[in-house]
Amino acid sequence: MNIISYPERSEWADLLTRPVQDSLAIEGKVLPILDLVRTKGDEGLRELAKKFDGVELSDFAFSQEEFDAAEGQLDEELKAAIRQAYQNIYTFHKAQLQPAEKIETMPGVTCWRRSVGIEKVGIYIPGGTAPLFSTVLMLGIPAQLAGCKEVILCTPSNHPAILFAAKLVGVTSAFRIGGAQAIAALAYGTESVPKVYKIFGPGNQYVTTAKMLISKEGIAIDMPAGPSEVAVYADDSAVASFVAADLLSQAEHGADSQVLLVSTSEKFLTAVNEELTTQLEALPRRELASQSIANSKAILVNSAYEAIDILNDYAAEHLILSVKDAESVSDKIFNAGSIFLGNYTPESCGDYASGTNHTLPTNGYARAYSGVSVDSFVKKITVQHISETGIKNIGPTVEIMAHAESLDAHKNAVTVRLNSLL
């Protein structure tokens with residue numbers, strides 16, 4: 001890693017800038033895909049599958065037989081691990097469900113808010129070099145708890161663990177469709193694929209661009225997304241081999257993964273660099289990880305105050321605090337997707353099985369976005385009830401305000417009720 005020592009605050013913005021992609025060029029490639037699926041439906045999907053993947057698809061849907069066979073294709077150890085992860089994620093997310101609480105704002109005026117599951121949601125699980133069955137759990141479990149009536153999964157992967165996880169979370173139907181065309185199918189619907197109201201899931205730059213484009217057309221998405229990223233803040237109480245392992249666990253996602261290390265100790269940064277060299281040699285995905293590490297930064301700062309400031313400026317998707325009093329330090333962090341405390345809390349546990357969700361805002365969006373939760377799969381509908389006593393109490397307030405805004409019909413809707421009670 002390139003160590004940058006004691007940069008001035010005026011240099012931080014440049015140091016923390018993520019790589020910028022040519023969004024217009026990518027949009028130019030994605031828009032025709034969206035248009036083809038919108039206008040030609042299943043036939044458009046077949047044309048795109050042949051063009052991009054060289055395959056002839058007659059039936060997009062995974063059959064019940066394929067779902068049933070998936071369990072038998074996995075070893076018992078992996079199935080037990082997936083079930084354990086399911087239980088932990090379910091337990092954490094179930095606690096997010098909140099009963100409606102009726103609030104009497106004044107005598108006779110009662111208001112409350114209730115959660116209603118989004119009826120139809122889509123989950124996209126990419127293919128590529130890693131079968132992300134863990135993401136099926138991360139998206140499917142909160143959808144299950146929210147009470148979504150239809151959960152539609154699209155994936156180009158045939159990995160049985162994806163189907164096994166999909167069955168656990170109650171996916172209603174699944175389709176072997178990948179890329180931007182999968183997002184288009186979920187957004188517009190085809191003869192085979194149901195149209196959904198909100199789309200979730202990670203993907204490459206084409207998938208991400210497709211999600212952003214369809215969001216302009218009224219289809220909700222989970223969040224803007226970019227390459228995955230981790231920031232680590234470590235002091236002399238940290239373990240260099242642990243930190244190096246954490247950095248590499250993120251770097252192996254791909255060459256564009258973002259890795260940042262911040263410390264007040266030059267000695268520690270040097271030790272981490274030595275560990276990176278050693279651990280890289282043993283990684284099957286060392287080529288991808290090496291490219292990411294080569295583009296990453298280790299920043300040496302003067303104090304803990306500077307470290308916290310720079311981390312808040314960066315707004316990392318994942319933030320590991322390998323420092324003394326990590327929990328108290330975490331209270332000073334207000335921009336992060338998910339925080340991992342201490343020497344024995346690797347990001348990997350959050351990625352798979354501790355219980356928190358791994359679908360998190362990247363690219364600095366943690367300044368304004370939260371990670372996926374049960375709330376992501378529900379709508380909040382407010383309800384109010386006003387009694388005769390209530391309209392007498394609140395009515396004059398509304399009449400005065402409506403008259404001041406020159407909205408006399410609004411005022412009259414109250415006045416006629418008050419007059420009926422005279």
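The model is predicted. Its largest nonpolar core holds 39 residues, and a second, separate core holds 33. Helix 9 and helix 10 pack with their axes 8 Å apart.

**Largest nonpolar core**

- Within this core of 39 residues, the members that touch the most other members are Val121, Val136, Leu137 and Phe377.
- At least two core residues come from each of helix 3 (64–72), helix 4 (76–94), strand 4 (120–124), helix 5 (133–146), strand 5 (150–154) and helix 6 (160–169).
- The greatest contribution is that of helix 5, which supplies 9 residues.

**Surroundings of Val121**

- Leaving aside residues up to four places away in sequence, Val121 touches Ala143, Cys148, Glu150, Val151, Ile152, Val196, Lys198, Phe200 and Phe377.

**Second core**

- Leu45, Ala180, Tyr188 and Ile199 are among the 33 residues of the second core, which is separate.

**Packing of helix 9 with helix 10**

- Helix 9 spans residues 240–251 and helix 10 spans residues 266–280; the angle at which they pack is about 60°.
- The crossing of helix 9 past helix 10 is right-handed.
- Helix 9 contributes Ala240, Ser241, Val243, Ala244, Ala245, Leu247 and Leu248 to the contact, while helix 10 contributes Phe268, Ala271, Val272, Glu275, Leu276, Gln279 and Leu280.
- Classified by residue type, this contact comprises 11 nonpolar, 2 polar and 1 charged residues.

Note on methods:
Residues numbered from 1 in each chain as written. Predicted model: local features only at pLDDT ≥ 70, side-chain atom pairs only at ≥ 80, totals over all residues. Heavy atoms only, no water. Core = buried A, V, L, I, M, F, W, Y, C linked by side-chain atoms within 4.5 Å. Buried < 20%, exposed > 50% of the residue type's maximum accessible area, 1.4 Å probe, protein only. Helix = DSSP H or I, 4+ residues; strand = E, 2+ residues; numbered from the N terminus. Contact = heavy atoms within 4.5 Å. Axes fitted to C-alpha atoms, helices over the stretch in contact; angles between N-to-C directions. Left-handed = near helix turned anticlockwise from the far one by under 90°. Nonpolar A, V, L, I, M, F, W, Y, C, P; charged D, E, K, R; others polar.
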